[in-house]
Amino acid sequence: MTVPATTAASLDDPALRERFLGMVGDGDEYAAVELTTSLLDAGVPAQQILLDLIAPTQARVGELWAANEWSVAREHAATAISERAVAAVAGRTMVRPHRGRVTVACVDGEWHALPVRILAEILRLDGWRVDFLGASVPGPHLVTHLHQTGPDAVAVSCMLPTRLPRAHAAITACRSAGVPVIAGGRGFGPDGRYAQRLGADAWAGGAREAAGRLAGDWPPPMDDPYRTPFLGDEEYTYVVRQRPVLIDTALRRLAGAYPATGGYDQRQQEATAEDIAHILDFLAAALYVGEETIFTEFTGWTAGVLAARGVPAAALLAGLRLIRDQLRDYPAATRMLDAATASLRDA
Amino acid sequence: MSSYTPPDSGALLAGAAATTAPVPADPAPALLRTALDATAESVVLCADDGHTIVWINTAAAVLAPGLRPGQSTTTAPLGALARAAAAGEEAFQDRHEGRHLRGRRRQLDERHYAWYLHDCTDEVERAAALEAERARTSFLAEAGRRLSASLHQGRCLRTTVELAAAHLADAAMVVLPADRRHCTWTRRVRGGPVEEGSLRETVVSEVPGLAEALGGFPPIPTRWLDAAQAPPWLLPEDFGPIGALLVTPLPGNAEPAGALILARRGADARFTTEDESLARIFAARAGAALSAAALYRDQVDTTAILQADLLPPELPQPDGIELAGSYQAAREALRIGGDFYDVFGPTERSSDTLVALGDVCGKGPDAAVLTGKVRQTLRALRLVGTPPVDMLHVLNQALTESARQHRFVTMVVGSLSRADHGRVRLTLATGGHPPPLVLRADGTVEEVPTSGTLIGAVARIAVRPADVELGPGELCLLYSDGLTEARGGPAGSEQYGEQRLREALASCRGMPGVAAVERVRQLVSDWVHNGSRDDIALLAIRAPDRTPLSLRGGGAPSSPFAIDARRPERRSRTRS
C-alpha cells in the first residue's frame, strides 16, 4: 500500500475531481471509465484512483442528493457509473494473492455497496483473496459462505444505524463460525463506537485503515462470541413488534395534530407512513444499542434533508409527538424522543 | 531438658503465677513444653534481640532439622525464614527440600516472638491438582467451542494445531490420510504461524507411530515412541531436538480423519499419563470436527456442481441493447429457487437476442431443478429458430406430457433486436406471467399488452404476443410476482402491489438499467422490512441513451471525453 508521491499531484487537482463528478452525474460511463483508465496508464496507483477520486466523488454525490441538488435518479445513475469505474480499475490491475482470504459484504438491508466494493478492491490490491458478496447479504447466506470458504476475516459494512440489530446478528454468527469480524461504515457510529458493543473484533474508518488493520496483527484472539452482553431490551422489543400499530395510530391522529395533512392523497399518505416508520426504525436502533445519539443524529439529519425540500421542522416534530404519546410507559424511548424534540426546537 | 530453662524463656513459659498447689492455676513449664512438642504446628521461639532462636519444638526440628537454639533466624538454614526475618516480614511461603512451608510471625511479649511454621505441601498439591483439572476442563470447553464453530476443513485444521500448540505441546501437527499418494499437513510451533504443506505417502513411516495412527491401529503409548527417531523434516529446523513425541489418531467416520503429532522440546521433556489422556480426548473432538467438515465439503462440492447451471447467467451485453438482471432467492442458504431468467445471444439462424424470465410453482431445489429443465428447453428451441410464441406452446406440451403432474410455469419470452436511431424492438409473449412494464422517456409507465395461459396446466394454451419499441433511454422490465406480492410496508402485511412497482419504476427515469434494477430491488427490500421474502427475479432491457445528458437539468458543458467515449468497443468491457 505504498504510493509514490510523484503522481499524487494529479489527483489533488480539484478540476479533475469536478470533471469526474460531472461525468458520473451525466451518466457518462464511457468518459468516466476512460478517465480512470487513462490515469492508470499515466501511472497513478489504482488505490489512489479508488480512494482519492472515486470515493470522494461518491461522497459528494450523496451530499448533492441530500441538498436536493440532484434527483434520486441522478444519484443512482452516478453510483452505477462510479461502480463501472471501479470495475474498470479492478479489471486492469492484477495482484497475486499472498495474504489470505477475506469475505466482504453489506449487512442485510444495507444497499450502499460502492464503498464496500472499493474496500474489496483495495484488499485485493493489497494481496488478499477477496470474496465480494455485494449489497444486502442475508445473514444465513453469509454464514453459509463462511463455512464453504473458511476465510481469515469477514468485513461487514453498515451505513445506516437501523441495520445495526441485523449487523449484530451477522457479527455474532460470523464469530460463532470462528471467523473474526472487521466492521466498517458510518452505521457503527462516530469512530465505530458501536462496533465493539456489537461484538466486532475490529473497526476501520476507511478502506486504507481496514487494509492496514488486516495486514497487521490479524487474527485477533477469539473469545466466546456469546460472551458479549445481550443488546436490546423490552422497550426495543415493544417498538419493533408494535411497529404496524404505532404507525397506524400515529397516522390516524396525524390529521388532528397537523391539519395540513388532511388533504393528502394516497401517495402522500404513504410517504408520511414511511417517514413515521423511519422514525420508529431509528428509535428502535437507538434503543437496541442503548445510544440516544443514534436517534438525535437521525432527526437532525432528517430535519436538514426536509428543509432542503421545503418541508418545515413542524412536520417532523408532530411525528415525534405522535410516537411519544404512544410510548409514555417506556422511559428510554420517551427520553430519546424528548431529546430529539428539544434539539430540533433549539435548531 | 526440663532441668535447664533459659533465663529469657523461663519467665515466659512459667507464666505469671507458678505455684505448687494441688490444682495449679497455671501448668508447669515442663508440661507446657511437652504440650508444645506434641502439636503438629512447628514453633520456633525467638528473642527480639538479634533474632536469636531460643527454643524449638519437636515438629519444627523435624520440619527444619538444621535449626538450633542460639542461631539467629536471619542466618538460619531455612532460606525463606532467614529472608523474611532479615526483611522484618510477618509471613512467608516457600519450598524447602521438596515441602511447601508457610510461616507466620507472632509477637508474644515485648522481647519475644515466635515463628509458626506449617507444612502445607498437601494443600498446595491439592490446589495445583484442582487448578490443573480446571485448566483441562476450560481447555476442553474452549476446544469444543472453537472446533464446533466451523464446517470448513481448513479452519478446523488450523484451529486444531493452534489449540494443541498452545495447550498440549511445543509443536503440533495434523497429518491427513493420503489422497493420491500425498498427505496434506498443518502444523504450528508455539508462538509461530500456522504452516501448511503436503508430504509423500511413502515418508509417513519415517515418523514413529504415524503410519499406525493413520492406518486405524490403536495408538502407541508415548513412552514407546523414540523421539530421536523423528525425521528432521517433521518440524522446522530451529525447533531443536524433540524431547518427547506423542502421536494419536483423530477418530473419524469409521476411519481416522487424520493423526495428531505433538512434540515437546528439551532433553527431559515427556508426556505424562494425564497429558496423554488429555491429548486423546482433544483428538476425539478434533477428529469429530474434521469429519463433519469433510462431510460438509463433499455436500458443498456436489451442490456447487448442481447449482452452477441453476444460478442466473452472466448477462451478455449485445451491442446497442442494455441488459440488467437481478435474482434474489428466498431466505435460504442455497441461493436457488423457482424464479429464473436467461438470455441467449444471436445464433446462426437469428440475429435477435432472446430473453426469458419465469417462475415455476414451488420453492427451493425442487423448483430450481425444473427451472433448469425449462431453461435448457428454451436454449434448444432457440437453436432451431423457434419464435417466442411457439416456444411457449412447445414448452407447454413438454410439461403437460411429462410424467410429473402439477408442475406449472409462468413466463415471459421476448426477442430483441436493434432498430434505427438507437431504438430497440421487442416481441414479447407471456404464459400466465405478469405482463412486463415499459418506462417511457417522459416518465410514464405502460403495461405491455400481452397475455397468455399458464404453462403446464392444460393441453392447449392461448398466447397473445405484443410488439414494443423502446426509444433511447426507455426501459422494459420483466419481473416475477415475488416482487409485487412481497408483504411489508407500514402495516407489515400489505403486498407491494403493481401500483407501487409502477411508481418505483417511474422514479428510475434516466437511470442506466443496472441502477434501475438495483433501485427497484432496494425499494422492495425496504418495503419488506423484516418480513419473509419470496424469490424475486428482475430483468431490464433498455435502449441506451443517445447522449449522456438525459439526467442533466440544463445546458451545462459536455465532458471532453464524451465524443471519445462513443467508440464501438465500449461494450466489450468485461463485467466485473
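**Chatting through helices and sheets**

Me: Looking at helix 4 and helix 5 of chain A, at what angle do their axes cross?
Reply: This is a predicted model, and in it the axes of helix 4 (residues 46–66) and helix 5 (residues 72–91) of chain A cross at roughly 175° and come within 10 Å. That makes helix 4 of chain A roughly antiparallel to helix 5 of chain A, because an angle over 145 degrees counts as such.

Me: Which residues of helix 4 meet helix 5 in chain A?
Reply: On the helix 4 side of chain A they include A:I49, A:L50, A:V61 and A:W65. Among their counterparts in helix 5 of chain A are A:V72, A:E75, A:S82 and A:V89.

Me: And how do the residues of that contact divide into nonpolar, polar and charged?
Reply: For the contact of helix 4 with helix 5 of chain A, it's 11 nonpolar, 4 polar and 1 charged.

Me: Zooming out, how many helices and strands has chain A?
Reply: Chain A has 16 helices and 5 strands. Its radius of gyration is 22 Å, close to the 20 Å that the globule rule gives for 347 residues, so chain A is as compact as a globular protein of that length. The C-alpha atoms of chain A fill a box of roughly 65 × 50 × 35 Å along the principal axes.

Me: What share of chain A counts as buried?
Reply: 50% of the 347 residues of chain A. In strand 1 (residues 101–107) of chain A, 6 of the 7 residues are buried, so to speak mostly covered.

Me: Does strand 1 of chain A pair with strand 2 in the parallel or the antiparallel sense?
Reply: Parallel: strand 1 and strand 2 (residues 129–137) of chain A pair over 6 bridges. A:R101 stands opposite A:R129 of strand 2 there.

Me: Switching to chain B, what's the strand order in the open sheet?
Reply: The 5 strands run in the order 8-7-6-10-9 in chain B, with antiparallel pairing. Strand 8 (194–200) and strand 9 (242–250) of chain B stand at the edges with a single partner strand each, so one side of each has no neighbour in the sheet. On average, neighbouring strands are turned by 20° against each other, ignoring direction.

Me: How many bridges join strand 6 and strand 10 of chain B?
Reply: Strand 6 (residues 171–175) and strand 10 (residues 258–265) of chain B pair over 5 bridges, in the antiparallel sense. B:A172 has B:L262 of strand 10 as its bridge partner.

Me: Which strands does helix 8 of chain B touch?
Reply: Helix 8 (residues 273–308) of chain B packs on the sheet and touches strand 9 and strand 10. The direction of helix 8 makes about 45° with that of strand 9 of chain B.

Notes
Residues are numbered from 1 along each chain as its sequence is written. Chains are lettered from A and ligands numbered from 1 in the order in which they are written. This is a predicted model: local features need pLDDT of at least 70, side-chain atom pairs count only at pLDDT 80 or more; totals for chains, interfaces and linings use all residues. Axes are lines fitted to C-alpha atoms, for helices over the stretch in contact, and angles run from 0 to 180 degrees between N-to-C directions. Helices (H or I, at least four residues) and strands (E, at least two) are DSSP runs, numbered from the N terminus. Angles under 35 degrees count as roughly parallel, over 145 as roughly antiparallel, 65 to 115 as roughly perpendicular and the rest as oblique. Two residues are in contact if their C-beta atoms, placed from the backbone, lie within 7 Å. Ala, Val, Leu, Ile, Met, Phe, Trp, Tyr, Cys and Pro count as nonpolar, Asp, Glu, Lys and Arg as charged, and the others, Gly among them, as polar. Two strands pair if DSSP finds at least two bridges between them. The radius of gyration is taken over C-alpha atoms; the globule rule is 2.2 Å times the number of residues to the power 0.38. A residue is buried if 20 or more other C-beta atoms lie within 10 Å of its own, exposed if 12 or fewer, and partly exposed in between; C-beta atoms are placed from the backbone.
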